[in-house]
Amino acid sequence: MRLTWLDIRGVDAEIKPAIVEEAVHQRVSAVVADEPGELVDLPPTVRKVLLPRGPLPEDLGPADVVIVDPQRHGDPAVLAARHPGVEFGPFVEIVDAPTLEVACEAARTQRWSVLWFRDPTKIPLEIVLAAAASATGSIITVVEDVEEAEIVFGVLEHGSDGVLLQPEKVGDATALVAASAGGSPDLELTELEVVRTEHVGMGERACVDTCTYFGEDEGILVGSHSKGMILCVSETHPLPYMPTRPFRVNAGAIHSYTVSHQGRTNYLSELKSGSKVLAVDTKGRTRVVTVGRVKIESRPLISIEAISASGQQVNLILQDDWHVRVLGPGGVVLNSTELKPGDRLLGYLPAEDRHVGYPIKEFCLEK
């Protein structure tokens, strides 16, 4: 999880108490204030950061970290020697090549560096991250909103160690912490045994084209019911008559569920450019990928019925064609039209029912 620093210096006094309460409850990494007194009542679970707008106060109060303007307040190393037990770091505003070099040096040498990139391009941040690739300090980047925080966390695939956000409303701290979590949890896959296949006639199926390459043992989870899905492999494996398309999963009939961002499910028919789905490998490791396009076309369909060791029934309806494939234990690639009773597949059995894609505990019968 990345560092989340919440800047309360410019927050309206009427909503500041509620925002601080939310920040503490959500376990933000730090609360940033310009007066030591605003840090006094914070619990030890939150780092207390002082970022003064004016002169540096003589008494730093309970501050754990003090971020200073070196030109105004002095060398952070000298200040740290003067205040034992308090960590110091520079605030750097990047507006041109010279200030970019200052930021690179700070990122290479300082325990904490708070960087404000005035221009919207992320290239200067890329340069800083590359310059400080072997450094042990933490880079905190100032962001305008949660959306920019998500972008900053992904720059150069490494991202900034943390972000500094001034919230506009209650809820921003919660959204920021969620964005900082990044990644996605592993899923516990289970073996399923094929019990029956059946040609079911024509219907619409969806190919999900993503903005990334899948691995050979990766695909997306698809199923007719919310409590049982099968791992459909991407088109990374060679096929006769056509080139591989390693960004694509020929996923199934449009009514089918797939697992998307933050544990929600979506119908394949709902996906569109910009949607998020989970790529899942045969070990259950997941990552969030962006949908670039969904192709829905009428094709013959085949129904696959499988069962888990616990007796859970699973159904998947796919395009009825040999080149549409699913994954079995050990990453074995299986052509859907050649499946027969007794074949083993990899699947996922969510415990919750669903309402508009969200998990919910209620009675729900799917058949």
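Student: Is glutamate 147 buried or exposed?

Tutor: Buried means under 20% relative accessible area, exposed over 50%, and partly exposed in between, with a 1.4 Å probe and protein chains only. Glutamate 147 has a relative accessible area of 57%, so this residue is exposed. The model is predicted: local features need pLDDT of at least 70, side-chain atom pairs count only at pLDDT 80 or more, and totals for chains, interfaces and linings use all residues. Residues are numbered from 1 along each chain as its sequence is written, and side-chain values use heavy atoms, with hydrogens and water left out.

Student: Where is glutamate 147 placed?

Tutor: Helices (H or I, at least four residues) and strands (E, at least two) are DSSP runs, numbered from the N terminus. Glutamate 147 lies in helix 6, residues 146-153.

Student: Which residues form the negative surface patch?

Tutor: Patches are made of residues with over 30% relative accessible area and no salt bridge; like charges are joined within 9 Å, and nonpolar side chains (Val, Leu, Ile, Met, Phe, Trp, Tyr) within 5 Å. Here Glu144, Asp145, Glu147, Glu150 and Glu168 form a negative surface patch.

Student: How many salt bridges does the count come to?

Tutor: Side chains of opposite charge can pair when their charged atoms come close. The rule asks for a side-chain nitrogen of Lys or Arg within 4 Å of a carboxyl oxygen of Asp or Glu. The count comes to 19 salt bridges. In one of them, glutamate 87 pairs with arginine 111, the closest N and O atoms being 3.9 Å apart. This pair links distant parts of the chain, 24 residues apart: glutamate 87 is in strand 5 (residues 87-94), and arginine 111 is in the loop between helix 4 (97-109) and strand 6 (112-117).

Student: Which residues are linked in a network of salt bridges?

Tutor: The network links Arg205, Lys295, Glu297 and Arg299. Arginine 205 meets glutamate 297 at 2.9 Å, N to O. That pair also links distant parts of the chain, with arginine 205 in strand 9 and glutamate 297 in strand 16 (residues 286-308), 92 residues apart. Arginine 205 is buried at 5%, whereas glutamate 297 is partly exposed at 24%. Arginine 299 meets glutamate 297 at 3.4 Å, N to O.

Student: How many disulfides does the count come to?

Tutor: A disulfide is a pair of cysteine sulfur atoms within 2.5 Å. By this rule the count is zero. For cysteine 207, the nearest cysteine sulfur is that of cysteine 232, 11 Å away. Cysteine 207 is buried, with a relative accessible area of 2%.

How values were computed:
Accessible areas come from the Shrake-Rupley method with a 1.4 Å probe; for residues, only the protein chains shown count as cover. Lys and Arg count as positive and Asp and Glu as negative; His and the chain ends are not counted. The place of a charge is taken as NZ of Lys, CZ of Arg, CG of Asp or CD of Glu.
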